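Have a look at the chain first, then try each task before reading its solution.

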Amino acid sequence: MRILIVEDDSEAANYMAKAFREAGHVADHVGDGLEGYARAREEDYDVLIIDRMLPKLDGLSLIGGLRAQKVETPVLILSALGQVDDRVKGLRAGGDDYLAKPYAFAELLARVEVLARRKQNGTGEETVYRVGGLELDRLAHKVTREGKEVQLQPREFRLLEYLMRHAGQVVTRTMLLENVWDYHFDPQTNVIDVHISRLRSKIDKGFEPPLLQTIRGAGYMVRDGAR
């Protein structure tokens, strides 16, 4: 892959670029939005990694400008702004994926590889996830089951979004702590159990079959027909 990193924090960018090169990819770095805009227009990249808060031209304006010029290179937004509203704004501006800082490089690499494959296959990032009769619309920030709207709190929405993004796969507690709560703390805490219980009561109670499954000793999974 050929990757362009648009990041004003040179230490963070150098770390990323070095890690991508060690994984066998080509990574270029620019430190401001205007230079990023020019490079993204003039050169052929597989994926753009763009920080939101950039000098000269902010990340969302950069992405919007590229989309206005019909530059369809997949964009992963990497930002310390990780609230739901921030993520929605980033996706609506034309981003294909959004990863909050701090992050695990293994996940960043996996997401970039997915975006590159979608570019090769001519498909964009999904904005609606569906599992059985459950549907989550990332842009509208709306969840329905069998056509009935399900009201979720922001953290519950992020939890369900992550589980549905990985539908059919076991999601571990560590993955949830790192990617839904955005920081590390005691993996023995019951905060995940509490949120999973609340989420299950909202998306599964009164519906068949149940979709949110606990995989004993491993984690959790959303899948059609879970028992």
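The chain is divided into domain 1 (2–121) and domain 2 (128–222), with bounds that come from an automatic or database domain assignment. This is a predicted model, in which local features need pLDDT of at least 70, side-chain atom pairs count only at pLDDT 80 or more, and totals for chains, interfaces and linings use all residues. Residues are numbered from 1 along each chain as its sequence is written, and side-chain values use heavy atoms, leaving out hydrogens and water.

**Exercise 1.** Find how far apart the C-alpha centres of domain 1 and domain 2 lie, and how many residues each domain brings to the contact.

*Solution.* Start with the centres: they lie 26 Å apart. Next, count the residues in contact (heavy atoms within 4.5 Å): domain 1 gives 14 and domain 2 gives twelve.

**Exercise 2.** Work out how much area domain 1 and domain 2 bury between them.

*Solution.* Buried area is the accessible area (1.4 Å probe) that two parts lose on being put together, summed over both. Here the total is about 1,100 Å², with 44% of it on carbon and sulfur atoms. Then look at domain 1: Val 84, Arg 87 and Leu 91 supply 39% of the area it buries against domain 2, more than any other three residues.

**Exercise 3.** Determine how many salt bridges the rule finds across the interface of domain 1 and domain 2.

*Solution.* Apply the rule: a side-chain nitrogen of Lys or Arg within 4 Å of a carboxyl oxygen of Asp or Glu. Across the interface, this gives two salt bridges.
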